[in-house]
Amino acid sequence: MLHFRVSTVLKELFEASLKRPLSGSRQKTWLPARRCCSYGTSSFDSRASQLKVLHAASHRPAFRAAPFAVQFRSYCAKTEGAVEVNEQLKKDGLRSDADSDNRNASSLPSLEDLLFYTVAEGQETIPAHKFLTALKTTGLRTGDPRLKECMETLKETLQNTEDGVTLDRHQFKKCVQSNIVLLTQAFRKKFVIPDFQSFTSHIDELYESAKNLSGGQVADYIPQLAKFSPDLWAVSLCTVDGQRHTVGDTKVPFCLQSCVKPLKYAVAVNDYGTEYVHSFIGKEPSGLRFNKLFLDEDDKPHNPMVNAGAIVCTSLIKQGASNAEKFDYIMNFLKKMSGNEYVGFSNATFQSERESGDRNFAIGYYLKEKKCFPEGADMTSALDFYFQLCSIEVTSESASVMAATLANGGICPITGERVLSPEAVRNTLSLMHSCGMYDFSGQFAFHVGLPAKSGVAGGILLVVPNVMGIMCWSPPLDKLGNSVRGIQFCTDLVELFNFHNYDNLRHFAKKYDPRREGGDQRLQTFGPMDYESLQRELALKAPLWKKVSPTESHQDSSTTVVYRMDSVSE
């Protein structure tokens, strides 16, 4: 009978162990029993001891799966048939994996602390300028819209400090906590260009090399463009993570001219879809000058990057609205693409365009004769709107953010706002690659292998997909209408870095890859992270977090231990 009872107890205990949940609350109000209840039978005590061992053994796999689980708690069993399982045990159970992870994460230093120790380098306070200088080396700007709250808090905090210059750990944490994930990714070199200073030093060298070129002529068929100095030369870039670099005359406004063609095409596809837009415009390179009066065999403009296609594309935007409403609509789009940086309008250039636009009027009448416009469109109104869009002003800095929005799949990298659909971006980049550089498009695709669009004002809008956008601007043009210095810069860029569309084929001679730290070691790709995910990811790389004293001294054992973020390659 005793054997039967113990067997029943064992069976029911085993079933209870299978049903008991592996997760539970953190409460520790229930204390583990130190021994089983005794009923005066030594044989039962022996059986119960065996029972406890068997029950513990049945839970060993669970402990392997959950390394942070609490220790097993034994409990008493009666011999009278059924087992009375402790109700508190049901509520408590083993800790869940999530609870264990949270407890482990809470034992780590906070991201704010780790960032402080990284910048402070063992000191108890940080001069604000030291933090801002370190931030600049990552490629982030203090004016980045994503860091607005951080910079405002920093300014306010410094006003309340004794010297107005330094921050202690608590003040620093208060300043950075609103943007801590972005800042940690920046200082841990998790951006697309991890070694940004080294990369930009190469960009500066390419800039200086192209600056020495003296060939080309400033466009003069539009009188307003002829007024620009041939010595102006600017290069600006913006990565998909919002890292910025500029060199040269980057604050001088200039008109987009034909560089606006891919942007308004992207807006049209974003609003109406690919099928509708290409029922009016083709997709093929024309093989002819950009301002030729010529259509394809279906009596459609060859593509939206030549004047005929761009005029028709202009007539598709916000149909039925007035030109004023259309203009505001496009301006708002471009401001979003540029992260609300400078986008203006040159009325003088607009008037100059309209007064000297005989060729474009001829193209307009030819398109009207061939019924290329959508029903209800007014040709002269479309031409006016076309001239207006060509006269939109940007700087190389704001235009580089527009290019980066295309490189980032339609999401502005410095605001995080989706501006264009993925479909619109893909189609735009495809046509820029095949048709964007006038009669030099084939040569450019062959030698540079990147989507780009040039304009007669001297700009070249260059896109490195998933990496960055670049705007080169210099007014002197070659005989095909492309910036002489801009073409040289793009060519040199791809000769140095593996940005060409086909540079990464197997067995190719390897170029420098700025997407890898050190140029040759591939980094793990990181998407957006929340605080806990980033903290856990850093915990997995524990060897990189070194414990050091503020003085790196081992003489004083009472020195507070701090953490420093190592910047070694992974």
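A charge is said to sit over a ring if NZ of Lys or CZ of Arg is within 6 Å of the ring centre and within 35 degrees of the ring normal. The views below come from a predicted model, in which local features need pLDDT of at least 70, side-chain atom pairs count only at pLDDT 80 or more, and totals for chains, interfaces and linings use all residues. Residues are numbered from 1 along each chain as its sequence is written, and side-chain values use heavy atoms, with hydrogens and water left out.

**View 1. Lysines over tyrosine rings.** The charged end of Lys 453 sits over the ring of Tyr 438, 4.3 Å from its centre. Lys 318 lies over the face of Tyr 329, at 4.8 Å from the ring centre.

**View 2. A stacked pair, Phe 254 and Trp 473.** Rings of Phe, Tyr and Trp (its six-membered ring) pair if their centres lie within 6.5 Å, and planes under 30 degrees apart count as stacked, over 60 as edge-to-face and the rest as tilted; by this rule the count comes to 20 aromatic pairs. Phe 254 and Trp 473 have ring centres 4.6 Å apart and planes at 5°, so this pair is stacked. Both Phe 254 and Trp 473 are buried, where buried means under 20% relative accessible area, exposed over 50%, and partly exposed in between (1.4 Å probe, protein chains only).

**View 3. A tilted pair, Phe 361 and Phe 387.** With ring centres 5.9 Å apart and planes at 55°, Phe 361 and Phe 387 form a tilted pair. Phe 361 counts as partly exposed because its relative accessibility is 23%, whereas Phe 387, at 0%, counts as buried.
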